[in-house]
Each structure stands twice: as C-alpha cells, then as structure tokens.
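Please look at the structure below before reading on. The report is meant for someone new to it.

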Amino acid sequence: MANVYDQANALESALRESEEFQQMKELYSKVNENAESKKLFDDFRDIQMTLQQKQMQGEELLEEEIQKAQNSAQEIENDENIKGLMEAEQKMSQLIQDLNRVIMKPIEELYEINNQ
C-alpha cells in the first residue's frame, strides 16, 4: 500500500518543477526587481488581506475601503510585471483545482455509490 504522505511530497516536488510554477517564480522575481511594481503589488496584497480579515470577522466594509481596493486593482492591471504574474497565478490555480478534483474523486465516487 502506498504511503499517501510520500505521494503528497512527490506531488509537491512535481508542482515546484512544473512549468506553471517556474513561470510564476520568474514573474514574481520581475515584480520584486522593479521598485514600482513591488510597491504596487505589496500595497494590493495588504489591501486584500485587510478586507478579507474584516469580512471574516463580520465587519462591514466601508465604501472608501472598497474604492481603495478598486483603485489598487486598476493600478496593478496597468503594470505589465504584475499583470503577467497574475495571469501565471491563474494558471497555477487552475492546475491546483484540477489536482483537487483528482484527489477528491475517490470520496465523490464513494458517496455516489452510497446514494444509489
């Protein structure tokens, strides 16, 4: 019987070597090497984290916070370095979603069998 954790570690290694991750890594370096891109990216992430924390705590988002987030999103869309990184993140996210579907297949099949 295969050790699931060994397989998970092998999957982690495969993800690190994947084209999608390598592209993300390269594009993230480009963002960090450009002072303007890095500041925009860091500010955007800070805004996202703040809004997520408020939502998780059930706090109402203020109109000015929403506007600030929208303005930040618009600024990063105009930065080619960040835009490339975001596109690479989307590809990586899709890959992870695909893997999750594969991983969950035995459980889904189990419940489908029990529901018949």
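## The model

This is a predicted model, in which local features need pLDDT of at least 70, side-chain atom pairs count only at pLDDT 80 or more, and totals for chains, interfaces and linings use all residues. Residues are numbered from 1 along each chain as its sequence is written, and side-chain values use heavy atoms, with hydrogens and water left out.

## Helix 1 and helix 2

Helices are DSSP runs (H or I, at least four residues), numbered from the N terminus. Helix 1 spans residues 4-17 and helix 2 spans residues 19-33. Their axes, lines fitted to C-alpha atoms over the stretch in contact, come within 5 Å and cross at roughly 55°.

Leu15, Arg16 and Glu17 in helix 1 are in contact with Glu19, Phe21 and Gln22 in helix 2, contact meaning heavy atoms within 4.5 Å.

## Helix 2 and helix 3

Helix 3 covers residues 35-56, and its axis lies 5 Å from that of helix 2, at an angle of about 105°. That makes helix 2 roughly perpendicular to helix 3.

From helix 2, Tyr28, Val31, Asn32 and Glu33 meet Ala35, Ser37, Lys38, Phe41 and Arg45 of helix 3.

## Salt bridges

The structure holds five salt bridges, each a side-chain nitrogen of Lys or Arg within 4 Å of a carboxyl oxygen of Asp or Glu. In one of them, the side chains of Arg16 and Glu12 meet at 2.8 Å, N to O. Arg16 and Glu12 are four residues apart in helix 1, and therefore separated by about one helical turn.

## Surface patch

Leu11, Ile103, Met104, Ile107, Leu110 and Tyr111 make a nonpolar surface patch of about 540 Å². Patch residues have over 30% relative accessible area and no salt bridge, and nonpolar side chains (Val, Leu, Ile, Met, Phe, Trp, Tyr) are joined within 5 Å; areas come from the Shrake-Rupley method with a 1.4 Å probe. Helix 5 (residues 80-114) gives the most to the patch, with five residues.

Methods: Axes fitted to C-alpha atoms, helices over the stretch in contact; angles between N-to-C directions. Helix = DSSP H or I, 4+ residues; strand = E, 2+ residues; numbered from the N terminus. Patch = residues over 30% accessible without salt bridge, like charges linked within 9 Å, V, L, I, M, F, W, Y side chains within 5 Å. Parallel < 35°, antiparallel > 145°, perpendicular 65-115°, else oblique.
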